[in-house]
Amino acid sequence: MADWVTISSLATAGGTLVLAVATFSSVRSANRSARVAELSLLTGLRPVLIPTKDDDPVETVRFGDGQALHVPAHGAAVVATDVVYLGLGLRNGGSGLGVIHGWRAEPRDLDRVRDRPELDSFHRQQIDIYIPAGDTGNWLGALRDPADPDYRPVREAVETGESLVLDLLYGDHEGGQRTIVRFSLAPWPADEAEFDASARRVTVLRYWNIDRQDPR
């Protein structure tokens with residue numbers, strides 16, 4: 001004779017198990033959908049700073065003390081007097097507004113070119129610099145204090161025509177997705193004489209993600 005109490009208990013347990021599995025799958029699917037939506041949102045906000053293109057216009061950057069630099073397309077400009085002035089043309093290849101938070105410069109060292117710089121080594125931007133999505137802009141910075149540990153090495157590299165490394169720390173307009181981009185500023189090719197000695201040819205060396213997993 002069938003034990004209906006046992007059968008009923010087993011049926012209830014089975015139903016509960018099926019409901020639990022269905023709930024787990026639903027929650028997992030919802031989490032996956034939320035994650036996809038979050039990634040899509042972040043992608044829409046993400047800037048990607050790159051050098052300007054060869055056919056972009058020359059940028060003129062002006063400092064508060066009256067110094068002006070003429071930055072060629074796909075290039076930068078550096079001048080060393082008592083102050084080391086640096087200017088860089090930028091293009092935002094991403095889909096979000098880019099905001100530059102800080103910068104650092106040093107002579108190029110091939111042994112350390114792949115080492116990610118420490119965040120506390122960056123100079124803070126005195127003004128916010130915004131690079132619109134899909135558009136061009138520029139960056140400028142200056143080393144004015146001889147006591148700054150970066151001042152003498154960078155000034156000597158500029159005076160002798162050596163290559164520089166320039167790191168920019170930037171993120172989206174919400175303050176997230178911080179990224180470091182490393183540029184090489186090399187002497188302009190001698191056969192392109194339309195630019196003066198201040199001109200530098202710019203190449204991207206590396207990107208590092210700060211607030212999300214690095215793909216490399």
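I take a polar contact to be a pair of N or O atoms within 3.5 Å; within protein, one must be able to donate a hydrogen and the other to accept it, and residues adjacent in sequence count only if both atoms are side-chain atoms.

The model is predicted: local features need pLDDT of at least 70, side-chain atom pairs count only at pLDDT 80 or more, and totals for chains, interfaces and linings use all residues. Residues are numbered from 1 along each chain as its sequence is written, and side-chain values use heavy atoms, with hydrogens and water left out.

**Asp172**

I looked up Asp172 and found it in strand β9, residues 164-172. Strands are DSSP runs (E, at least two residues), numbered from the N terminus. A polar atom of the Asp172 side chain lies 2.9 Å from the backbone nitrogen of Glu174. That side chain also reaches the backbone nitrogen of Gly176, at 2.9 Å.

Asp172 is buried (under 20% relative accessible area, 1.4 Å probe, protein chains only). I found no salt bridge for Asp172 (a side-chain nitrogen of Lys or Arg within 4 Å of a carboxyl oxygen of Asp or Glu). The nearest side chain of opposite charge is Arg46, 7.1 Å away.

**Aromatic pairs**

I searched the whole structure and got two aromatic pairs (ring centres of Phe, Tyr or the six-membered ring of Trp within 6.5 Å; planes over 60 degrees apart count as edge-to-face). Phe63 and Tyr85 have ring centres 4.8 Å apart and planes at 65 degrees, so they are edge-to-face. Both Phe63 and Tyr85 are buried. Trp103 and Trp139 also pair edge-to-face, at 5.3 Å and 65 degrees. Trp103 is in strand β6 and Trp139 in strand β8, so this pair ties together parts 36 residues apart in sequence.

Terms used: Helices (H or I, at least four residues) and strands (E, at least two) are DSSP runs, numbered from the N terminus. Buried means under 20% relative accessible area, exposed over 50%, partly exposed in between (1.4 Å probe, protein chains only). Lys and Arg count as positive and Asp and Glu as negative; His and the chain ends are not counted. Rings of Phe, Tyr and Trp (its six-membered ring) pair if their centres lie within 6.5 Å; planes under 30 degrees apart count as stacked, over 60 as edge-to-face and the rest as tilted.
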